[in-house]
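The following paragraphs lead the reader through a structure, from its core to its sheet and then to the contact of its chains. Please keep the sequence and the model in view while reading.

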Number of protein chains: 2
Amino acid sequence: MAKRAVILTSGGLDSATVLAMAHAAGRECYSLSFDYGQRHRSELVAAAHVAAAVPGTVHKVVGLDLRGIGGSALTDDAIDVPTMPSEGIPVTYVPARNTVFLSIALGWAEVLQASEIHLGVNAVDYSGYPDCRPVFIDAFRNLAAVATKAGVEGSPIDICTPIIDMSKADIIRAGTELGVDYSLTVSCYQADAEGAACGACDSCRLRIEGFQAAGIADPTRYQHGN
Amino acid sequence: MAKRAVILTSGGLDSATVLAMAHAAGRECYSLSFDYGQRHRSELVAAAHVAAAVPGTVHKVVGLDLRGIGGSALTDDAIDVPTMPSEGIPVTYVPARNTVFLSIALGWAEVLQASEIHLGVNAVDYSGYPDCRPVFIDAFRNLAAVATKAGVEGSPIDICTPIIDMSKADIIRAGTELGVDYSLTVSCYQADAEGAACGACDSCRLRIEGFQAAGIADPTRYQHGN
């Protein structure tokens, strides 16, 4: 029987690649997205398209009101998304977001009797978010081993980060080989309702540079023309 | 300046006691409850009453759709709440619930610049849930130290479990001394809309035995008379 895996699917480039990798590795894929009050809601549409493009994938959206907590440019309209690189941890950091997302994935994985959770964190072309670092993933893996029924019964759910050491260009190359259609994905922090990207935020810049470095044509739709 | 603490407030007896303890210890208290699709929704009303009874406490309810994940008698109407003790981990266990709740508390604590999260887990009169064990709390504390901006900047948010080693009777005695009005609290897994308890589920049994052992009159309202 194929191993089951829950894949955190944001609608972005990285998680689309991770989903394609999990499918290629023979996993039965359960894609999980969150409607958490994010500014860039077109990513939810993108996530559904990304999941639908991978045969046999079950896609679920869990509602979660992180706007009530605020504290980030992505969930609080009073904080602008920056268009210039910043020092330290950027204001687009959503407090404890990956901890929250992984926790809910852990619950779903337990219900599904899935043995793995895959997520597209990356420590190279790196956002500066504390919860994208390998040390965070290791700590969550240790938590998962004791947090669940599966863990208590001796088969903890593993946390898999297949692209953590890859450059953005390598990720794009790997996904392209697996047939990922990156035109379905949205990386922009302030994409418009149709998913067209601003081309200026941190996430757009990393993506643009990634396609350039990979020597692959960038299929992203931009708000003010390409 | 008083230290800020986020307190997970379920509407039950244990967390009401923890909130009273945090207030008595001089903490500025931020009470957090979850509308997660639970069967026993009267606990949300109880949580608001419990928080309102502690002067200066800010109370927040975060919406979270755990019903979409299912897998527990508390979030899936197809699974009955048992009225007899069971072997192993009970069907009332909600997969990864404390992991999810603590994660969201961590996000709110970070936004508030709170230094502590308090929760009423208990390892003595113990539910059999994997995520109520000291080993789980230790793993979450380690995670919190690396998961957040506060952690990266050298002041990790601590996880405080003041009643983890207390018997139910000791918890009730301590809360009574601090003036907790336990008639406001609802412990029952299948309380009715007015918060009256079934008197038969695991949670009711632990509570009834606790009041008996403490030698304190039980103010709980039961569905079929006391």
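Two residues are in contact if their C-beta atoms, placed from the backbone, lie within 7 Å. By this criterion Ala105(A) touches Val6(A), Leu8(A), Leu32(A) and Ile117(A), residues up to four places away in sequence not being counted. The model is predicted: local features need pLDDT of at least 70, side-chain atom pairs count only at pLDDT 80 or more, and totals for chains, interfaces and linings use all residues. Residues are numbered from 1 along each chain as its sequence is written, while chains are lettered from A and ligands numbered from 1 in the order in which they are written.

A nonpolar core is a set of buried Ala, Val, Leu, Ile, Met, Phe, Trp, Tyr and Cys residues joined through C-beta atoms within 7 Å; buried means that 20 or more other C-beta atoms lie within 10 Å of the residue's own, exposed that 12 or fewer do, and partly exposed is in between, with C-beta atoms placed from the backbone. The largest such core holds 136 residues, and Ala105(A), Ile117(A), Ala105(B) and Ile117(B) touch the most other members.

Chain B contains an open sheet of 5 strands in the order S3-S2-S1-S4-S5, with parallel pairing. Strands (E, at least two residues) and helices (H or I, at least four) are DSSP runs numbered from the N terminus, and two strands pair if DSSP finds at least two bridges between them. At the edges are S3 (58-63) and S5 (158-160) of chain B, each pairing on one side only. S1 (residues 4-8) and S4 (residues 116-118) of chain B are joined in the parallel sense over 3 bridges, and Ala5(B) stands opposite Glu116(B) in S4(B).

Helix H1 (residues 13-24) of chain B lies across S1, S2 (28-35) and S4 of chain B, at about 170° to S1(B). Helix H2 (residues 42-52) of chain B lies across S2 and S3 of that chain, at about 175° to S2(B). Axes are lines fitted to C-alpha atoms, for helices over the stretch in contact, and angles run from 0 to 180 degrees between N-to-C directions.

The contact between the chains takes 37 residues from chain B and 37 residues from chain A. On the side of chain B that touches chain A, the largest share, 9 residues, comes from H3(B). Because 100% of the interface residues of chain B are also interface residues in chain A, the copies meet through the same surface.
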